[in-house]
Amino acid sequence: MASLIVGGGESLRGSLWIQGSKNAALPMIAAAVLNRGITKIYHCPAISDVDNMLEIMKSLGCCIERTGEYVLIDSSQMDVRDISPEYAASMRSSVFLMGALLGRFGEVSLPYPGGCVIGKRPIDMHLAAFERMNIRVQVTGDRIFCSTDHMAGSGHRLRYPSVGATENIILASVLAPGQTVIKNAAKEPEVIELCLLLNKMGADIHGMGTGNITIYGVSTLHDAVFSLVSDRIVAATYLAAAAATAGDVEVRGVWAHDLKTVLQVLAEMGCGIIVRNKRVRVIGPYMLSCVDSIYTHPFPGFPTDMQSQIMACLSRARGISRLTETVFEDRFKTAGELKKMGADILIENHTAVIRGVECLKGTCVKAWDLRGTAALVIAGLMAEGDTVISDSIYIRRGYEDICADLKKLGARIEERKTG
Ligand code: UD1
């Protein structure tokens, strides 16, 4: 068990390099299955989601070498196509391995992934797309079996631009004969990164970053070396913390373009924003202003992964803000914890109505998920006194060392291990 103890009242100031992107790293690790050789990824974040994904890769027969600089995956000897329940339960992203294992062996078996704290998270679009690629999908009990003798490129129109479904179709189709077209594909920067890595391996993918992606199947892939983009959500979290504490923080290694909607919201809240090459600086005002309405949407819309952190900021903004979650049905658990600190938040269906209060009070709160934990850290930085966040282990899933990063910026924050 771990807790975070956050001292309130300090303005964050300084400059930070941002770690590699979690959501780009996870499907890329799965992609390493496809080249029957070596994939070397630089700037891979040292987070527990990556640790778990690499453990799954080992269980499938891959050799892994990890240094402070890179992760090297050798998939030449791998021969296992079954993902065991213990791994699938700890790691939703094992879903990406479906497409990759199908591409390599024409076969995969894994436990049906359950929902999680932010929603039901079905995978019907992934499975329907596989069926269109001449893959048999059988669900027996709580396991899924997919197999094919002859994978075929095909056309797909997603009813929603799902990141995971887009990535799984790409992974399954790079080695499939013929042409695969994905319409209404996800445009997230992490999808682009996955395609760039696959193209470096010799794949033939076009249109990534747009709603229409075309994949021309190739017969083999080769070794590749890739350097990961920085994590836009980690960067945005630290910029939100600067905004919340009337601070002045610069994040380095990120494109402002990838943060556009978050920066627009921070500007509406009264922040000064300075962009220079791959550096973004946010200067928080003495008092934040409310924002009439924010809707989470797929990229380039406002990211659902920043919803909780911005809610924490708005809990002390002047006026009433409305924050509507349209991506995941159950992502407001952290609101209840913010209320324990004195925030005035009313959840009406999928909208949080946030009436800014003069001060938050440090108290004991509980973490429910990764981004919610980051939001409670921000609230703790704004609060009077100390905030103790229990079950804070979630933060390790996506932030390499949030305590070290925030301490560099002048925060008082410690992790305490218990039990
Ligand atoms: C990815 C990100 C996650 C981010 C999310 C949305 C990774 C590892 N995770 O998750 O951090 O919050 O994108 O930007 O990259 N859906 C269906 N059926 C499907 C697939 C999805 O109904 O077959 C629904 C989901 O329940 C959800 C919505 O579509 O309501 C978006 O999900 P999706 O884009 O697939 O998110 P993930 O890929 O799981």
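Is Glu-55 buried, partly exposed or exposed? The points below take up that residue and then other features of the model.

1. Basis of the note. This is a predicted model, in which local features need pLDDT of at least 70 and side-chain atom pairs count only at pLDDT 80 or more, while totals for chains, interfaces and linings use all residues. Residues are numbered from 1 along each chain as its sequence is written, and side-chain values use heavy atoms, with hydrogens and water left out.

2. Glu-55 and its partner. Glu-55 counts as partly exposed, because its relative accessibility is 34%, where buried means under 20% relative accessible area, exposed over 50%, and partly exposed in between (1.4 Å probe, protein chains only). Glu-55 forms a salt bridge with Lys-58, with the closest N and O atoms 3.2 Å apart; the term stands for a side-chain nitrogen of Lys or Arg within 4 Å of a carboxyl oxygen of Asp or Glu. Lys-58, at 43% relative accessibility, is likewise assigned to the partly exposed class. Both residues belong to helix α2 (residues 48-59), where they are 3 residues apart, about one turn of the helix. Helices (H or I, at least four residues) and strands (E, at least two) are DSSP runs, numbered from the N terminus.

3. Other salt bridges. The rule for salt bridges gives a count of 21. One of them joins the side chains of Glu-250 and Arg-279, at 3.6 Å from N to O. Glu-250 lies in strand β14 (residues 248-252) and Arg-279 in strand β16 (residues 279-283), so this pair ties together parts that are 29 residues apart in sequence. Glu-250 is buried at 13% relative accessibility, whereas Arg-279 is partly exposed, with a relative accessible area of 29%. Another salt bridge links Lys-333 to Asp-330, and here the closest N and O atoms are 3.4 Å apart. Lys-333 is partly exposed at a relative accessible area of 31%, and Asp-330 is partly exposed at 36%. Salt bridges that share partners join Glu-250, Arg-252, Arg-276 and Arg-279 into one network.

4. Helices α5 and α6. Two packed helices are described by the angle between their axes and the distance between the axes. For helix α5 (residues 124-132) and helix α6 (residues 163-173), the axes come within 8 Å and cross at roughly 25°; axes are lines fitted to C-alpha atoms, for helices over the stretch in contact, and angles run from 0 to 180 degrees between N-to-C directions. The two helices are therefore roughly parallel to each other, on a scale where angles under 35 degrees count as roughly parallel, over 145 as roughly antiparallel, 65 to 115 as roughly perpendicular and the rest as oblique. The crossing of α5 with α6 is right-handed, a crossing being left-handed if the near helix is turned anticlockwise from the far one by less than a right angle, and right-handed if clockwise. On the α5 side, Met-125, His-126, Ala-129 and Phe-130 meet Gly-164, Ala-165, Asn-168, Ile-169 and Ala-172 of α6, contact meaning heavy atoms within 4.5 Å. By class, the residues of this contact of α5 with α6 are 6 nonpolar, 3 polar and no charged, where Ala, Val, Leu, Ile, Met, Phe, Trp, Tyr, Cys and Pro count as nonpolar, Asp, Glu, Lys and Arg as charged, and the others, Gly among them, as polar.

5. Helices α10 and α12. The axes of α10 and helix α12 (residues 370-382) come within 7 Å and cross at roughly 20°, and that makes α10 roughly parallel to α12. α10 passes α12 in a right-handed crossing. Among the residues that make the contact are Ser-308, Gln-309, Ala-312 and Cys-313 of α10, together with Arg-371, Ala-375 and Met-382 of α12. The contact of α10 with α12 divides into 7 nonpolar, 3 polar and 1 charged residues. For α10 itself, 8 of the 8 residues are buried, so this helix is largely enclosed by the rest of the structure.

6. Backbone points to check. Most residues other than glycine have a negative phi, and most peptide bonds are trans. Phe-299 and Pro-300 are joined by a cis peptide bond, with omega about 10°, and Pro-300 lies in the loop between β17 (293-295) and α10 (307-314). Arg-36, which is not a glycine, has a positive phi of about 50° and is found in the loop between α1 (22-31) and β3 (38-42). Asn-184 has a positive phi near 60°; its place is in the loop between β10 (179-183) and α7 (189-200), and Asn-184 is partly exposed at 29% relative accessibility.
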